[in-house]
Amino acid sequence: MHTVASQSRFGINEWLVDEQYERYLDDPGSVGRTWREFFASPVPEAGRQAGNGATTAHESTGEAAIKAVRVAALIDAYRVRGHLVADTDPLRAGRVVAHPELDIMAFGLRDDDLQNEFVVDGFAGQATMTLRNVLNALQEFYCRSVGTEYMHIQSSQERRWVQQRIESPRPRPDVAEQLQILYRLGAAEAFETFLQTKYVGHKRYSLEGGESAIVLLDALLLRSIGQGVREAVIGMAHRGRLNVLANIIGKSYAEMFHEFEDAVDIRSVQGSGDVKYHLGAEGTYRALDGGTIAVSVVANPSHLEIVGPVAQGVVRAKQEWAADGGEAFPVLPIVVHGDAAFAGQGVVSETLNMSQLPGYRTGGTVHIVINNQLGFTTLPASGRSSLYATDVARTVEAPIFHVNGDDPEAVARVARLAFDYRQTFHKDVVVDLICYRRHGHSEVDDPSITQPAMYDRIDVRASVRKLHAEALVRRGDIGERQVEGALRDYQGHLERAFTETRALSAPQSPKPVNPVDAQSVAAPQVATAITEATARHVMASQTGMPEGFTVHPRVLPQLRRRTTMLDAGTIDWATAETLAIGSLLLDGVPVRLAGQDSRRGTFGQRHAVLTDRRTGVEHTPLSSLGPRAASFAPYDSMLSELGALAFEYGYSLARPDALVLWEAQFGDFANGAQTVIDEYISSSEQKWGQRSGVTLLLPHGLEGQGPDHSSGRIERFLQLCAQGNMTVAMPSLPGNYFHLLRQQALGEHKRPLVVFTPKSMLRSKAATSGLTELTTGAFRTVIADETADTARIRRVLVCSGKVFYDLDAHRRSADLSDTAIVRLERLYPFPEDELSAELARFPADAEVRWVQEEPENQGAWSFVGPHVHRLASRPIACVSRTQAPAPAAGSARRHAGEQQDLVMSAFH
């Protein structure tokens, strides 16, 4: 460590000098001129005296240089620490406590120096300034209503950009902007006041205390219109959501009050719907000058912060859809958070981590934290270990602007600054809107029980609209008549709201929802077969490398084998998948594949992207099918399930034309994304009328790998199946998997698809398909046993997936011709007609058994059993492992013994 700091006696701020020196060593241009000259010159010993006690001229010059550096260190200390003493808390009682590291004495400066001029290297646009003026400027820039954190950013270009804008004069808003702010505050307050008086006791998660959030969004969207941004997508939880829907999205009062009256939502797909503060909406934001921007709020559940990655997926899809316009990131993502959730929910960190990754970046998100300084009843001291709720954003080097919610002019200024940063650097930025919550977590809660002192202060505090109006009049910026005009507009909002509410007809009693037959909404069959010429064209891409490209010697034989499989009739799983994706691309269907290690494949089977053995250059074979082919986008995801799957779900919403695949490294890893599966994938259509075609690929099968890496938890997905909400399949043949993927992509009736994919079957010689299976036919929900002599059958085994091959091998080796094995390829919607027809082929007295590898209390049995029992009209036995809390044994030897016993018992 450089010792210049100790030589110069910088006291408790030696760290700052050393930090500047490290930056100087890395890039001299990243520090100011005063620092450069200081580090480039020998450090004089300050205060050395001549023999008569006087200081020499040379030594006086040295002392002046040292003091100039100390002033530079003071300036940098405010840049780093100034936010700690900024006036950002509207509830703070008394003056902000001074910080010892910002005292001039900590830099070896004294009151005697206040009138002295120092070189300041362009600070505040000046070459030299008195120390007093430097302090005044620092207080103005860093310690008023905005506290700025940006010195943690590694890029000197970004730091300098923020610094130049923070350390510049701030012209007061003109009258038009002041009235616009007052108008927005009035609209926000009017909406909440009306709901409070009209719907007493209703939960609405009021924005009161944080009405400046509407000013912030307003300023963001106005700036977006001016910069030509096409669209804004907002993800947010329930706090303030209704206000945003009304005052930003433009959802009509009549429609919102209709929801408060709990009237029937005739647009709901099955009629169940959701509570009003979870609903999404689309609209057009209109500026006073006529400019417009499309804006939407993404539907969300109560699970805080999970909407963040969903919104990112929506934005990424919309940006790719609009890519033909040539603009960089033409859709603006805005995510509104609560302070406790931003610090407490791990998915926030996952989503921030996505922000600069190739498969996920959206050109920067503006994060708005509505900081109530309180969770439900939990104070920050119990809710986070960090100083700020926003500290997690420092991990991606996002600038963070803490702003006092009771200074709406500062809020608007910061909103524009945040937007400009995003547009310039295409990175995330955070606005921490420090405000308060006038009521409890919900309006029926009494917060004074747990925070009495805080709510004593809140109860006597005027609204931000009233405070702002009084400040404008007091400063002489606007007169009482203009305030009265804004107040009349505020009252007009109330009158219009009352009028629209009176116009509503009396709510009808909700009618019972008729259950939906899954078979009636099952995806109709579409033509999924391809021509032999298409298959050969796709396969040619697997070995047709760019000139000079060196394929890894362990991969090249796999690619060559693929090209021979068409003629040999041995198409394996990976080849069938390649043919499905490649043929879809030729049909004009874009395909996105994402997951942990999915480009290569967890089991080394896919090789969707090849890496040159010598140069490291990448090549995607399926991207070389020709100019008319759609785009193929395979990505390795970050090590996440929750955020990653939420992103793919959001992407699928905005790109119904694309096949969107998310692959878990192992099927049970989907456990980490259970919230997405429960709250979005399985139920979004019923709750919000939101259809998604996202496809989950979950490697599944008990193969002696232990309790983990064995089960994709089939039972959990089947438990969620109802009203035709999704498709769950476990195909046993590559050809059937091929048709399943193409059916999912080409069908018009979009539903989520869950596929339990194989592991050991990937390379099984028994699990292969011939070319004719791809050039003819379609997806088979049930695969009949064509080898059985139906008249001689006295036992029918019904199963799904890999266990078929174990059963069939034993049947062949033991020459058991009295047993038929029927494969159930689609578990939901349950193929009643197809399975009924297959069972009818066998004698009525033949025993029917369900066989599964999983323990009896897991797997498909509890779902499939009642269906098979009804179709067979006889008792159905389950052959499985015994009930267990874990999916599989930890010992490979024990697994092998259990598997052998299971297979044997199926035939006896």
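Buried residues make up 57% of the 908 residues in this chain, where buried means under 20% relative accessible area, exposed over 50%, and partly exposed in between, with a 1.4 Å probe and protein chains only. The model is predicted, so to speak of its limits: local features need pLDDT of at least 70, side-chain atom pairs count only at pLDDT 80 or more, and totals for chains, interfaces and linings use all residues. Residues are numbered from 1 along each chain as its sequence is written, and side-chain values use heavy atoms, with hydrogens and water left out.

On the overall layout, the C-alpha atoms fill a box of roughly 120 × 75 × 50 Å along the principal axes. The chain has 32 helices and 24 strands; these are DSSP runs, H or I of at least four residues for helices and E of at least two for strands, numbered from the N terminus. Among contacts with a separation of 6 or more, 79% come from residues 24 or more positions apart, a contact being heavy atoms within 4.5 Å.

Next, the sheets. Strands of a sheet pair through backbone hydrogen bonds, either parallel or antiparallel. Here two strands count as paired if DSSP finds at least two bridges between them.

At the E14 end, E11 (residues 591–595) runs parallel to E14, and 5 bridges join them. Leu593 has Pro634 in E14 as its bridge partner.

Now to E16, residues 695–699. How many of its residues are buried? The count is 5 of 5. In a regular strand the side chains alternate between the two faces of the sheet. In E16, Thr695, Leu697 and Pro699 point one way, while Leu696 and Leu698 point the other way. As for its neighbours, E15 (residues 659–663) pairs with E16 in the parallel sense over 3 bridges, with Leu661 standing opposite Thr695. E18 (residues 753–757) also runs parallel to E16, through 5 bridges, and there Pro699 stands opposite Thr757.

Another open sheet has 5 strands, ordered E19-E21-E20-E23-E24, again with mixed pairing. The edge strands are E19 (782–783) and E24 (876–881), and each pairs on one side only. E23 (residues 847–855) pairs with E24 in the parallel sense over 5 bridges, and the bridge partner of Val851 is Val879 in E24. Helix H32 (residues 892–906) packs on this sheet, touching E20 (795–799), E23 and E24, and its direction makes about 165 degrees with that of E24.

E4 pairs in the parallel sense with E6 (residues 292–297) over 4 bridges, where Ile234 has Val297 as its partner. E4 also pairs in the parallel sense with E7 (residues 331–338), over 6 bridges, and in that pairing Ala232 is partnered by Leu332.

Last, the pocket. Rolling a probe the size of a water molecule over the atoms shows where empty space is left. On a 1 Å grid over the protein atoms alone, a pocket is an open set of points where a 1.4 Å probe fits, with protein on both sides within 12 Å along at least five of seven lines; lining residues have an atom within 4 Å of a point. The largest pocket holds about 960 Å³ of space, a volume being the space filled by probe spheres set on points joined across faces, edges and corners.

Which residues lie nearest its centre? They are Arg170, Asp407, Glu409, Ala410 and Arg413, out of 31 lining residues. H6 (156–166), H15 (408–425) and H17 (464–475) each supply at least two residues of the lining, and H15 gives the most, with 8. The lining divides into 11 nonpolar, 3 polar and 17 charged residues. In that scheme Asp, Glu, Lys and Arg are charged; Ala, Val, Leu, Ile, Met, Phe, Trp, Tyr, Cys and Pro are nonpolar; and the others, Gly among them, are polar.

Technical notes:
Axes are lines fitted to C-alpha atoms, for helices over the stretch in contact, and angles run from 0 to 180 degrees between N-to-C directions.
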